[in-house]
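This report treats a protein model in terms of its domains, helix packing, salt bridges and backbone geometry. The sequence and structure are shown first.

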Amino acid sequence: MEDIKLSIDSCLKFISKDSIAGYETQVKACSETLHNGTGKGNDFLGWLNLPSSVTAEFLADIKATAADLRANCDVVVVAGIGGSYLGAKAVIDSLSNSFAWLQDQKPIIVYAGNNIGEDYLAELTEFLSDKKFGIINISKSGTTTETALAFRLLKTQLEKQMGKAEAKKRIVAITDKAKGALRTLSTKEGYKTYVIPDNVGGRFSVLTPVGLLPIAVAGLDVDSLIAGAQRMEKVCGLNTPFAENIAAIYAATRNELYRNGKKIEILVNFQPKLHYFAEWWKQLFGESEGKDNKGIFNAAVDFTTDLHSMGQWIQEGERSIFETVLSIKKPNKTMMVPSDADNLDGLNFLAGKHVDEVNKMAELGTMLAHVDGGVPNLKVEIPELNAYYIGQLIYFFEKACGISGYLLEVNPFNQPGVEAYKKNMFALLNKPGYEAESKAIQARLK
Ligand code: PA5
């Protein structure tokens, strides 16, 4: 069976092969630091051997809970934010029918707890008012404002609609094993729970129950997802030679581009189902590397859609960018361009071709144009869009992120910067315990 492949050929006009080869020793040292657990953030390395540690019993339990929710709910609300939701949404969107939610999909999966939009929450409440729904509430800390607020509303609504006893059968909590508000509430109410391991941070948690339960509820193949990740754990393992280790080469190439002034990496897809995969990727790299006044800025575009908007900037704007293209080799479905007797749109030259052939020529044409325009291109080739290869992609990017963060000499596993807005928000809302901050901020705003 093929694996995902990485090609850096379209970068070699900008950086040399030798410069990448020159990273071998550094990358080896970073990989050893990761595997030996001797680097910064070494209490958050649980993701490293996670795929190979997943057991059949654990997956069977996840699938049984998912089957219960599928049988008892028309809608399942996944409540979580950041690492507690993006992985699940990335995988579910990548692998589901684009129009499933408009058809008779059961259960419909919707998301909450990832924003504080009053309209969003009010409209969600209206939507759920005549539905049999369940909740998967995901929060390691249990106190994240966005998620806790949404859960408070959803729990109240569910209990009102179903009664407390029925409601608790439809609520699953995924949280810390012992501490935090959600663990305390779950124990008190008797919810089914899953544990987010202490040593796995949010953005690396998609292969824990955080991602696996919602993915299984969506009816997707979690066994294949894990099998793909297990395969990549081997392919990107410590003993894989540098030249064959795609995570190592990707980490080295993006760092070399960064050192040569390419400060922005754009993840490109030519398949709109991957939109949220890119959102997950943005969090993975952005939250891991953007610190100590360093780090590549992570952006993403959906092509060809965004070629008609951001395409102009990418072709001719400031030359501080490079692209990493997710390229799916073979579509899952077949759709041919029909012939038309009048040919008023002039498209008969495409008649009889696969739509994907048009897409692939757009992809190739874009790559050539962008390289000519001064934009290095990396390409990740994915044989097919299925659970196995999404599992490979997830682990590939996680491993590359760990190595890349160490190459950049930051702690890739913390996120101290996300506290700043929370502190101000709590002070502005007069949260108990924030009196001093509240005074300081009011004085500043006068
Ligand atoms: O990656 C992270 O650590 C964050 O994105 C968290 O997952 C996010 O802030 C949600 O935190 P929690 O799971 O504690 O609600």
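## Domain interface

Domain 1 and domain 2 bury about 2,200 Å² between them, with 61% of that area on carbon and sulfur atoms. Buried area here is the accessible area (1.4 Å probe) that two parts lose on being put together, summed over both. The model is predicted: local features need pLDDT of at least 70 and side-chain atom pairs count only at pLDDT 80 or more, while totals for chains, interfaces and linings use all residues. Residues are numbered from 1 along each chain as its sequence is written, and side-chain values use heavy atoms, with hydrogens and water left out.

The assignment gives domain 1 as 5-40 + 229-416 and domain 2 as 50-225; such bounds come from an automatic or database domain assignment. The C-alpha centres of the two domains are 29 Å apart. To the contact, domain 1 supplies 29 residues and domain 2 supplies 25 residues, where contact means heavy atoms within 4.5 Å.

## Salt bridges

Side chains of opposite charge can pair when their charged atoms come close. The rule applied requires a side-chain nitrogen of Lys or Arg within 4 Å of a carboxyl oxygen of Asp or Glu. The structure holds 24 salt bridges, and 1 salt bridge is found across the interface of domain 1 and domain 2.

E287 pairs with R203 in a salt bridge whose closest N and O atoms are 3.1 Å apart. K28 forms a salt bridge with E32, for which the closest N and O atoms are 3.1 Å apart. Because K28 and E32 are 4 residues apart in helix α2 (residues 24-36), about one helical turn separates them.

## Packing around helix α5

Helices (H or I, at least four residues) and strands (E, at least two) are DSSP runs, numbered from the N terminus. Axes are lines fitted to C-alpha atoms, for helices over the stretch in contact, and angles run from 0 to 180 degrees between N-to-C directions. Helix α5 (residues 86-95) packs against helix α16 (residues 387-407) at an angle of about 145 degrees, with their axes 10 Å apart. In this pair, V91, S94 and L95 of α5 meet A387, I390 and I394 of α16. By class, the contact of α5 with α16 has 5 nonpolar, 1 polar and no charged residues; Ala, Val, Leu, Ile, Met, Phe, Trp, Tyr, Cys and Pro count as nonpolar, Asp, Glu, Lys and Arg as charged, and the others, Gly among them, as polar.

With helix α10 (residues 209-217), α5 packs at an angle of about 35 degrees, and the axes are 8 Å apart. The residues in contact are A88, V91 and I92 of α5 and V210, G211, P214 and I215 of α10. By class, the contact of α5 with α10 has 6 nonpolar, 1 polar and no charged residues.

## Backbone geometry

Most residues other than glycine have a negative phi, and most peptide bonds are trans. The peptide bond from K106 to P107 is cis, with omega near -5 degrees; P107 is in the loop between α5 and β3 (108-112). The bond from F303 to T304 is also cis, with omega near 5 degrees, and T304 lies in the loop between β8 (297-302) and α14 (311-316).

N293 is not a glycine, yet has a positive phi of about 60 degrees. This residue, N293, is found in the loop between α13 (275-289) and β8.
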